[in-house]
Amino acid sequence: MTGLFDPLTQRGVTLPNRIGVSPMCQYCCAGDGRPTEWHLQHLVSRALGGAGLVMAEATAVVPEGRITPEDLGLWEEAQMPGHARLTDAIARAGAVPAIQLAHAGRKASRNPPWRGGPAAQGWEPVGPSALAFEGYATPRAMSEAEIVAVIGALALAARRAVEVGYRVIELHAAHGYLVHQFLSPLANRRDDGWGGDFEGRTRLLREAAAAVRAAIPDSIPLWVRISHTDWDPAGWTTEETVEVSRRLKALGVDAMDVSSGGNLAAPKIPLGPGYQVPGAEAVKRGAEIDVAAVGMITEPQQAQDIVAAGRADVVLLARAMLRDPYWAWRAAEALGATDRLAIPPQYERGWGKLPLRAATAEAMPAL
């Protein structure tokens, strides 16, 4: 039986356990897309806390692909040194550094959520069709040349991500952002080769995955985050998610990170503990591919049961990690797995039941 603290190997990368930090936008760049001290503290604290995988937030591959002007970016070389510092610190703290590459599409040019509304110095959003997300500006429908350019930008950003030390690359095709917009008939009304039927609506995702796979080494795992359903019978469905996951596996994708929603402002979602896990399980069974489960996974035994039952291979935590960066240590104690997770010696006095690992603080670069 596989447990939460068992390692997972994909290609040339081994996660030390099945606990991951989900990508969470921090909206704290100064308009230049460069990582900040906030990113360093936010991500490294969770790596020190025992997570096996730490994924940087949705990172824009072109400036107009940002959700807000304060988003993280990787569209130019000037942004690479900051990312390299992040990956080095995450790896030294004991976790595998990962990154999610994204384009916001019609949900771009906004203020951070705590301010709300359109960005004061914004830009024209784009999308598959001139259909607005509720309460947002109407996007301009993309030309074919623009679509192809986005695929190239994703591949270039992925190559840069590997150069700076990220060891898992994830494409963002969920939560109502650009690639998800192309997948869903709620946002995509095109009548050319990038819309219409399943083949057309999934073309951007399939071609982007193929381009990114070709741009990164064979040793680097490629993941895709996907919304398995729009929670609307007229939208994208779990069955379609299973089928596209089969296609993506054949293209060299190693895992599907299965979430849901994002293309409707107020869908009817049956919220509850682990409410998105059935979608992950459907993809794992139907496409025979590794999956990450998300969505109100908060308790150690809950996470252990998901992995042990074979419903998912990894659990990614978001809000639970915001509340407790040391969630993995607490889980090890709760599950009687303190022999499976080592802590830095600097923290021994607070967590004396866990074995020590090699010192980390003295190996960190100076500020």
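**Exercise 1. At what angle do helix α6 (residues 203-215) and α7 pack, and how far apart are their axes?**

Step 1: α6 and α7 pack at an angle of about 25°, with their axes 10 Å apart. Axes here are lines fitted to C-alpha atoms, for helices over the stretch in contact, and angles run from 0 to 180 degrees between N-to-C directions. Helices (H or I, at least four residues) and strands (E, at least two) are DSSP runs, numbered from the N terminus.

Step 2: That angle makes α6 roughly parallel to α7. The cut-offs: under 35 degrees is roughly parallel, over 145 roughly antiparallel, 65 to 115 roughly perpendicular, and the rest oblique.

Step 3: Now the handedness: α6 passes α7 in a right-handed crossing. Such a crossing is left-handed if the near helix is turned anticlockwise from the far one by less than a right angle, and right-handed if clockwise.

Step 4: On the α6 side, Leu205, Arg206 and Ala209 meet Val244, Arg247 and Leu248 of α7. Sorted by class, this contact has 4 nonpolar, no polar and 2 charged residues. For the classes, Ala, Val, Leu, Ile, Met, Phe, Trp, Tyr, Cys and Pro count as nonpolar, Asp, Glu, Lys and Arg as charged, and the others, Gly among them, as polar. Contact means heavy atoms within 4.5 Å.

A word on the model before going on: it is predicted, so local features need pLDDT of at least 70 and side-chain atom pairs count only at pLDDT 80 or more, while totals for chains, interfaces and linings use all residues. Residues are numbered from 1 along each chain as its sequence is written, and side-chain values use heavy atoms, with hydrogens and water left out.

**Exercise 2. Which residues make the contact between α7 and α8?**

Step 1: Start with the geometry: α7 (residues 238-250) and α8 (residues 277-287) pack at about 50°, their axes 9 Å apart. That makes α7 oblique to α8.

Step 2: Look at the residues: α7 brings Thr238, Thr241, Val242, Ser245, Arg246 and Lys249, and α8 brings Ala282, Val283, Gly286 and Ala287.

Step 3: Count by class and you get 4 nonpolar, 4 polar and 2 charged residues for α7 with α8.

**Exercise 3. Which helix does the chain cross through from β11 to β12?**

Step 1: β11 and β12 (residues 314-317) pair in the parallel sense over 2 bridges, and Ala292 stands opposite Val314 in β12.

Step 2: The chain gets from β11 to β12 through helix α9 (residues 300-308), in a right-handed β-α-β crossover.

Key:
Pairing = 2+ DSSP bridges. Right-handed = clockwise from strand over helix to strand, strands pointing away.
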